[in-house]
Amino acid sequence: MVNGPLTASGGRLPPKSMLSGLPPSTGAAAPAMAKSTPLSPPPTGEHARELIASAVRTLEAEAGGITALAAAIHDGLGRSFTAAIDLLHRARGRVIITGMGKSGHVGRKIAATFASTGTPAFFVHPSEASHGDLGMVTADDVIIALSWSGETAELKDLTDYSRRFRIGLIAITASADSTLAQAADVVLVLPQAREACPHNLAPTTSTLMQHALGDALAIALLESRGFTALDFRVFHPGGRLGAMLKFVRDIMHTGDEIPLACVGARMSEAIAEMTAKTFGCVGIVDHDGRLAGIITDGDLRRHMSANLLELKVEAVMTREPTTVRPDQLVSEALEQLNTSKKTQLIVVEAGRPVGIVHFHDLLRAGVA
């Protein structure tokens, strides 16, 4: 390549041949990006009705597939399903999910569901398995292979490997006589169902059935192992789900932040405490420090009178208030707030207030 002439700064200009296709420079700034075309108004009339009818047909076709799958599990598929759960439960290693094309996409989701519900699992691409990734599979693992036809050529090396090293193999297929089914230890035969595609070609109903059966396996295994919400939190600390699985003690206000007044105190003292702590309430404790009641903004409005400040707190407080324990999940606290239509809960342990949780705390935690 021939370099262009030197510039004043010591660099070189590109050859003219490289510049020949470029527009002439005017020294002006580059034109702004063209504005995107405004969205056209949504379809109306007959066209809109046709689109809605298409959506309903798709959902009805896919719902039919799920109904057929449930009926099959009540019938012969149920025996194979329990055998698959037993094989997965006894595995000392991981669950290896594999499949090509749309079945592979479904397999990745199934692997993620297994992993997040306490069953170590990951996806292995069949083609990559044939080029070295078979080394990721151990004799302690169990393979779940998805193929609607059961004749996916790319699965052959994986299935041969599982037979050679006696690795458990579960097949999810629609053909009981297929090559994959004949090789497997357990065969989960999916019932035949029409695809939602009008040409009965694009995998739609079939992939949904694969997905649903994978979820059924994961949840049945979860339940058989006694996997709890607290276990789920270990694998899912992030996002709203992780926030819902925090404990009340993780977000509650404690110590001097708790608005409290004693039985026998005047309402003037209780209102001063409410104002200072800004939770819109004050807990009333007896002489042993146990929670006897609560006074909220609503209680003040209901008892508004000329002598309100002179009243004793017992005359105004709500007895036996809704409370929460520090070891309860934040999701439970949110449910209690919604059920009781309150904005705050006093946290009680052994009958004594140890904290307070406000609806705003749940917002900050990403729960509400």
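The following legends describe close-up views of a predicted model.

**View 1. The buried side of helix α12.** Helix α12 spans residues 267-277, and its buried residues are M267, A270, E273 and M274. Seen down the axis of α12, these buried residues fall within an arc of 120°, so they line one face of the helix. An α-helix has 3.6 residues a turn, so residues three or four places apart point the same way.

**View 2. The opposite face and the end of helix α12.** The exposed residues T275 and A276 lie on the face of α12 that is turned away from its buried side. Just after α12 comes T278, which takes a positive phi of about 60°.

**View 3. The surroundings of G366.** G366 belongs to the segment after α15 (359-365). The relative accessible area of G366 is 32%, a value between the limits of 20% and 50%, and therefore this residue counts as partly exposed. Between G366 and M244 there are 122 residues of separation in sequence, whereas their C-alpha atoms are 8.0 Å apart in space.

**View 4. Two cysteines, C197 and C262.** C197 has a relative accessible area of 12%, which is under 20%, and so it is buried. C262, by contrast, has a relative accessibility of 43% and counts as partly exposed. A disulfide is a covalent bond between the sulfur atoms of two cysteines. A search of the whole structure finds zero disulfides.

Note on methods
Residues are numbered from 1 along each chain as its sequence is written. This is a predicted model: local features need pLDDT of at least 70, side-chain atom pairs count only at pLDDT 80 or more; totals for chains, interfaces and linings use all residues. Side-chain values use heavy atoms; hydrogens and water are left out. Helices (H or I, at least four residues) and strands (E, at least two) are DSSP runs, numbered from the N terminus. Buried means under 20% relative accessible area, exposed over 50%, partly exposed in between (1.4 Å probe, protein chains only). The arc is that of the directions from the helix axis to the C-beta atoms. A disulfide is a pair of cysteine sulfur atoms within 2.5 Å.
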